[in-house]
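Visitor: Hi! I'm new to this one, could you walk me through it?

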Amino acid sequence: VQLQAFGGGLVQAGGSLRLSCAASGRTFSRYAMGWFRQAPGREREFVATISRNTGITYYGDSVKARFTISADAAKNTVFLQMNSLRPEDTAIYYCALKQRNSFPVGWYRFVDLYDYWGQGTQVTVSS
């Protein structure tokens with residue numbers, strides 16, 4: 001499985017960006033796909049994920065009500081609409097896909113439970 005992310009860039013605080021990530025290769029019907037981000041000197045942080053078969057979405061606390069994740073299941077593509085961007089949203093955003101059948105409490109937040117990762121796309125928010 002390969003993941004390719006698009007849509008990063010430079011935006012002023014308060015602005016918007018839309019990221020997309022397309023999965024290619026063999027995927028099963030039951031998987032979750034989402035985004036993490038990593039700022040310099042910080043750990044990789046959960047942003048949002050969506051379950052392909054149920055459509056249920058999950059969000060990190062710092063992005064709730066500002067970011068929206070959606071999916072085109074037929075195209076194995078997810079989108080992250082980012083509104084009201086803040087300088088602290090600056091990071092490399094990574095697309096990730098979880099295919100393994102393991103669902104502990106809060107599973108969507110765990111980096112180690114995702115099986116495939118994209119190359120990352122830089123998002124920079126200027127103040």
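Visitor: Is strand S4 mostly covered or open, and how many of its residues are buried?
Guide: Strand S4 (residues 32-38) is mostly covered, with 6 of its 7 residues buried. Buried means under 20% relative accessible area, exposed means over 50%, and partly exposed lies in between (1.4 Å probe, protein chains only). Strands (E, at least two residues) and helices (H or I, at least four) are DSSP runs, numbered from the N terminus.

Visitor: Where does this model come from, and how are residues numbered?
Guide: This is a predicted model, where local features need pLDDT of at least 70 and side-chain atom pairs count only at pLDDT 80 or more, while totals for chains, interfaces and linings use all residues. Residues are numbered from 1 along each chain as its sequence is written, and side-chain values use heavy atoms, with hydrogens and water left out.

Visitor: Thanks. Which way do S4 and S5 run?
Guide: S4 and strand S5 (residues 45-51) run antiparallel, joined by 6 bridges. Two strands count as paired if DSSP finds at least two bridges between them. In this pairing, methionine 33 stands opposite isoleucine 50 in S5.

Visitor: What about the turn of that hairpin?
Guide: The S4 and S5 hairpin has 6 residues between its strands, and glycine 41 in the turn has a positive phi of about 75°.

Visitor: How many bridges join S4 to S9?
Guide: There are 7 bridges joining S4 to S9, and these strands also run antiparallel. Alanine 32 stands opposite lysine 98 in S9.

Visitor: How many disulfides are there?
Guide: Counting a pair of cysteine sulfur atoms within 2.5 Å as a disulfide, there is 1 disulfide. Cysteine 21 is joined to cysteine 95, with 2.0 Å from S to S. The pair links distant parts of the chain, 74 residues apart: cysteine 21 lies in strand S3 (residues 17-24) and cysteine 95 in strand S9 (residues 91-98).

Visitor: Are those cysteines buried or exposed? And what is the handedness of the link?
Guide: Cysteine 21 and cysteine 95 are both buried. Their link is left-handed, with -85° about the S-S bond.

Visitor: Switching topic: how many residues are in the largest nonpolar core?
Guide: The largest nonpolar core has 28 residues, and Met33, Trp35 and Phe67 are among those with the most contacts inside it. A nonpolar core here is a set of buried Ala, Val, Leu, Ile, Met, Phe, Trp, Tyr and Cys residues joined through side-chain atoms within 4.5 Å. Strands that each supply at least two residues of this core include S1 (2-6), S3, S4, S5 and S11 (121-126). A second, separate core of 9 residues includes Ala32, Ala96, Leu113 and Tyr114.

Visitor: What is valine 47 in contact with?
Guide: Setting aside neighbours within four places in sequence, the contacts of valine 47 include Trp35, Tyr58, Phe67, Leu80 and Tyr93. Contact means heavy atoms within 4.5 Å.

Visitor: Let's zoom out. How many helices and strands are there?
Guide: The protein has 0 helices and 11 strands.

Visitor: How much of the protein is buried, and what does its C-alpha trace span?
Guide: Buried residues make up 45% of the 127 residues. The C-alpha trace spans about 40 × 30 × 25 Å along its principal axes.
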